[in-house]
Amino acid sequence: MSTTPEYEVTVVGGGPAGLTTALYTTRLGHDTAMINRGGGRAAMMLDTHNVIGVTEDVSGNEFLQTAREQIQAYGADYHQDFVSDIERREDGRFDVTAGNVEVVSDHVVLATGFSDVRPDPPLPRTGRGLHWCLHCDAYMFVDQPVFVMGAGEAAAKVAMIMLNFTDSVDVLTRGDDPEWSEETQRQLDGHPVDVIHSEIESMDKGADGWLESFTFESGETREYRGGFPMYGSDYNTALAESLGADLNDDGTIAVDDHGQTSTDGVYAVGDITPGHNQIPTAMGEGARCGIQNHYDLRTFPMSVEELEEHGGEVSADAAPGISDKLRRRALEHNAEASAPPVDMTEPEPADD
Ligand SMILES: Cc1cc2nc3c(=O)[nH]c(=O)nc-3n(C[C@H](O)[C@H](O)[C@H](O)COP(=O)(O)OP(=O)(O)OC[C@H]3O[C@@H](n4cnc5c(N)ncnc54)[C@H](O)[C@@H]3O)c2cc1C
C-alpha cells in the first residue's frame with residue numbers, strides 16, 4: 001500500500017500569494033500541503049510598505065515567518081523544498097515531487113513568483129538605494145535625486161512616473177542603445193529627465209549603507225538617494241508549462257479571476273500571474289483562489305446526481321465533510337481560542 005501523503009490542495013511556493021491560498025483552503029476544511037523553496041521577492045523586503053495592519057519595521061522574513069506559523073496552526077503541512085516535477089495521474093490527481101517529499105494532490109496551486117533580472121555591478125544594496133518595486137518605494141524618494149536604470153520602454157516610462165515624486169530623475173542606460181519608441185523619446189524630450197549614456201565606473205555609499213553617488217566613465221559624478229533597475233522579470237513557469245497551462249505573451253501564467261489556469265485542477269496566483277506585483281494584490285488573489293478551491297472541492301451540498309450515487313440520501317454520519325485531522329485541529333484551536341485568560345482576578349463584590 002502506498003504511503004505517499006494525500007492532500008486535496010498542494011500549494012507550490014510560500015510567498016504572500018501561496019500562504020494566503022493555503023490559509024483559506026486549510027480553514028475551509030481541505031487537507032493542504034505547502035512546499036516552498038524559500039527566498040522569493042517578499043523575503044527580499046527590508047521593510048514592508050502598503051500592507052495595512054503591518055507596520056513598516058516588519059521585514060519580509062518576519063512577515064513570512066508569522067504567516068507560516070498561522071497556516072501550520074490551522075493544520076496545513078509545511079515543507080521547505082523545491083518542487084521539480086508535477087505529473088497528472090491516471091485518476092486525474094497529481095503526483096508532486098520535491099527533493100525530500102512526494103505528495104498526491106487533487107489540486108495544485110502554483111505561487112512560484114518571478115526573479116527580477118539584475119544588472120551588472122556596481123550596484124547599491126537592495127533597500128539602500130536599489131529598489132525593485134515602484135509602488136512600494138516611490139514614496140521614499142519624494143524630493144530626492146533618483147535614477148532609473150535600463151534602456152527599454154519600461155525604464156523611460158518609470159523615469160517619467162518618478163516625476164510625480166521628485167524633480168530630479170535620470171535614466172542610466174549604462175552604454176546600451178535606447179530601445180524605447182520614437183513617441184516615448186518625444187515624451188522624454190518634453191519632460192525634465194536627463195538620460196545618461198555613460199557606463200557606471202564606481203559608486204559611493206554613506207556610513208548608513210545608503211547609496212550617495214555614481215561616478216561615470218565620462219568622469220562625471222552624480223548624486224542619488226536611490227533608484228529602480230528596469231531589466232524585466234524571469235517568471236518561474238516551468239511547472240505550469242509542463243502541465244500544459246497557457247502563458248500570456250509577457251511570460252505570466254494565464255488565469256481567470258479565481259486563479260484557474262487552462263489546465264483543470266491547476267491554479268496560479270501572485271506575481272506569476274498578470275497584475276500589479278504587490279503583497280496586498282498577491283494576498284487578494286490567494287484569497288479568491290483558496291475560496292474557489294473550496295467551492296470546487298467541498299463535499300456538501302451534493303448535487304442530485306451525487307445523491308443518487310449515494311443511494312438517494314446522505315446519512316448524518318457522513319457529515320461533517322472535513323478530514324479527521326483538520327477537524328481535530330479545529331476543535332483544539334477553537335477550545336484554545338475560547339479558553340478563559342489564565343490570570344483572572346476575583347470579581348469585585350457588588351455595592352448593594
Ligand atoms: C525588494 C522588494 C521589496 C518589496 N517591497 C514590497 C512592499 O513593501 N510592499 C508590497 O506590497 N510589495 C513589495 N514587493 C513586492 C512583493 O514582494 C511581491 O509582489 C510579492 O512577494 C509576490 O508574492 P508571491 O507569493 O507571488 O511571490 P514571492 O514572494 O516571490 O514568493 C514565491 C515563492 O515561491 C517559491 N518557489 C518558486 N519556485 C518554486 C518551486 N519550484 N518549488 C518550491 N518553491 C518555489 C520561491 O522560493 C518563493 O518563496 C517588494 C518586492 C521586492 C523584490
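A: Two residues are in contact if their C-beta atoms, placed from the backbone, lie within 7 Å. In this predicted model, residues 24 or more positions apart account for 60% of the contacts in the protein chain with a separation of 6 or more.

Q: What makes up the secondary structure of the protein chain, and what does the C-alpha trace span?
A: The protein chain comes to 9 helices and 16 strands. Along its principal axes the C-alpha trace spans about 80 × 70 × 35 Å.

Q: What percentage of the residues of the protein chain count as buried, and what makes a residue buried?
A: A residue is buried if 20 or more other C-beta atoms lie within 10 Å of its own. Of the 352 residues of the protein chain, 33% count as buried.

Q: What makes β11 and β12 paired strands?
A: Two strands pair if DSSP finds at least two bridges between them. Here 5 bridges join β11 to β12 (residues 211–216), so the two strands pair, and they run antiparallel. Met-203, for example, has Phe-214 in β12 as its bridge partner.

Q: Why do β11 and β13 count as edges of the sheet?
A: The open sheet is formed by 3 strands in the order β11-β12-β13, with antiparallel pairing. β11 (200–205) and β13 (221–223) each have a single partner strand, so one side of each is left without a neighbour in the sheet. Neighbouring strands of this sheet are turned by 20 degrees against each other on average, direction ignored.

Q: How do the axes of α1 and α7 lie, and which hand has the crossing?
A: The axes of α1 and α7 come within 7 Å and cross at roughly 35 degrees. The crossing in which α1 passes α7 is right-handed. Among the residues that make the contact are Pro-16, Thr-20 and Tyr-24 of α1, and Ile-279, Met-283 and His-294 of α7. The residues of the contact of α1 with α7 divide into 10 nonpolar, 8 polar and 1 charged.

Q: Which residues come nearest to the ligand, and how are they classed?
A: There are 39 residues around the ligand, and Gly-13, Gly-15, Gly-40, Gly-113 and Gly-270 come nearest. By class, the shell has 18 nonpolar, 18 polar and 3 charged residues. α1 (16–27), β2 (32–36) and α7 (279–297) each supply at least two residues of this shell.

Definitions and conventions
Residues are numbered from 1 along each chain as its sequence is written. This is a predicted model: local features need pLDDT of at least 70, side-chain atom pairs count only at pLDDT 80 or more; totals for chains, interfaces and linings use all residues. A residue is near a molecule or strand if its C-beta atom, placed from the backbone, lies within 6 Å of it. Helices (H or I, at least four residues) and strands (E, at least two) are DSSP runs, numbered from the N terminus. Ala, Val, Leu, Ile, Met, Phe, Trp, Tyr, Cys and Pro count as nonpolar, Asp, Glu, Lys and Arg as charged, and the others, Gly among them, as polar. Axes are lines fitted to C-alpha atoms, for helices over the stretch in contact, and angles run from 0 to 180 degrees between N-to-C directions. A crossing is left-handed if the near helix is turned anticlockwise from the far one by less than a right angle, and right-handed if clockwise. A residue is buried if 20 or more other C-beta atoms lie within 10 Å of its own, exposed if 12 or fewer, and partly exposed in between; C-beta atoms are placed from the backbone.
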